[in-house]
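Below are my notes on the ligand site and on some backbone points in this entry. Please read them with the model open.

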Amino acid sequence: MYPDIQPYETSTLKVSDIHTLYYEISGNKDGTPVIFVHGGPGGGCDEKDRSFFNPNKYKIILLDQRGAGRSTPSACLEENTTWDLVKDLEKLREALKIEKWHIFGGSWGSTLSLAYAQSHPDRVKSLVLRGIFILRKSELKFFYQEGASHLFPEAWDEYLEPIPEAERHDMILAYHAQLNSVDEGTKIRAAKAWSKWEMTTSKLYVDPSYVKRAESDDFANAFARIENHYFVNDGFMRDGQLLEKQEIDKIRHIPCIVVQGRYDVVCPATTAYALKKVWPELELHIVPDAGHSSREIGIAKLLVEATDKFANK
Ligand SMILES: CNCC(=O)c1nnc(C(C)(C)C)o1
């Protein structure tokens, strides 16, 4: 990855009566613009996210989506849907006077990047996507109800712990009740257990420093509440909508590189493969020794190679 850099501009954008978004710009003021679309939803941007891009070539824009990171109000679920976030990307693009931009997103970031590109194909120069997540019911079932649980049984026990036995047949719904509890203790305990499950399973080798992020009240609250809110609402989309032929046909002309970890248990490779089957023009790289995280060496290397390839487009 490229060396750490600092933004030359940080600002906020009011996008509704409720939501104000944090964004920052780094790299080359006159470079080709790229928007970094973070995961979760609710995960927020990290300063390391700037390092996927050559700072001499790119105008690097990082945006914290509604309720995430430094955007306010934190963890707010009102007026927070996939289509609100798509509109926010357009509001930011217009505010920054950008005609077209590269889109870079992993996990939920790949979901939102696809939803944005299918809504505004004429505004997209290229797509670099990682750990494809379409938010189908089958994907949610695998990670939050039964599937990944067979590979990480110890962490699964901790994820189960806050939920009474009688409610464990629908874990997303059971967590929804606790993540929206009036009791602050119940809410934060559930948020940390939900977040720890994801941070523990995100890398091929469990990374204790990565898992530690789940111990932050602010991060866990926003990440868990917003993710769960989107999942109980099926992402505010039809099941598999982003894979539908009429949706894919809108973007097949856009250059797209997908990087997918073979052992990604959060967003398994089956979804990246399903995207490749309906969009054969895209370039799919499956990394043989990686899981879900963009920080895994094999994934990070291919992501940087992809952004270098698109830098002159
Ligand atoms: C199902 N959500 C996976 C996702 O979007 C995601 N996984 N990790 C992240 C962060 C890196 C933002 C914590 O996001």
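1. Helices α6 (184-201) and α8 (217-232) each supply at least two residues of the shell around the ligand. The largest share, 4 residues, comes from α8. Helices here are DSSP runs of H or I with at least four residues, strands are E runs of at least two, and both are numbered from the N terminus.

2. On provenance: this is a predicted model, in which local features need pLDDT of at least 70, side-chain atom pairs count only at pLDDT 80 or more, and totals for chains, interfaces and linings use all residues. Residues are numbered from 1 along each chain as its sequence is written, and side-chain values use heavy atoms, with hydrogens and water left out.

3. The shell holds 15 residues, of which Gly40, Ser107, Trp108, Glu198 and Glu227 come nearest to the ligand; a residue is near if one of its heavy atoms lies within 4 Å. By class there are 8 nonpolar, 5 polar and 2 charged residues. Nonpolar covers Ala, Val, Leu, Ile, Met, Phe, Trp, Tyr, Cys and Pro, charged covers Asp, Glu, Lys and Arg, and the others, Gly among them, are polar.

4. Domain 1 (9-136 + 236-310) and domain 2 (138-235) both give residues to this shell, so the ligand lies between them. The domain bounds come from an automatic or database domain assignment.

5. Which ligand atom is 2.7 Å from an N or O atom in the side chain of glutamate 198? It is a nitrogen atom. An oxygen atom of the ligand is 2.7 Å from an N or O atom in the serine 107 side chain, and an oxygen atom of the ligand is 2.9 Å from a polar backbone atom of tryptophan 108. The cut-off for a polar contact is a pair of N or O atoms within 3.5 Å. The protein buries 92% of the 390 Å² that the ligand exposes when taken alone (Shrake-Rupley method, 1.4 Å probe).

6. Two cis peptide bonds deserve a check. One joins glycine 40 and proline 41, with omega about 0°, and proline 41 lies in the loop between β3 (32-37) and β4 (58-63). Another joins threonine 72 and proline 73, with omega about -5°; proline 73 lies in the loop between β4 and α1 (82-95).

7. Leucine 135 has a positive phi of about 70° although it is not a glycine. This leucine 135 sits in the loop between β6 (124-130) and α3 (137-144). Most residues other than glycine have a negative phi, and most peptide bonds are trans.

Technical notes:
Polar contact = N/O pair within 3.5 Å; in protein donor to acceptor, adjacent residues only side chain to side chain.
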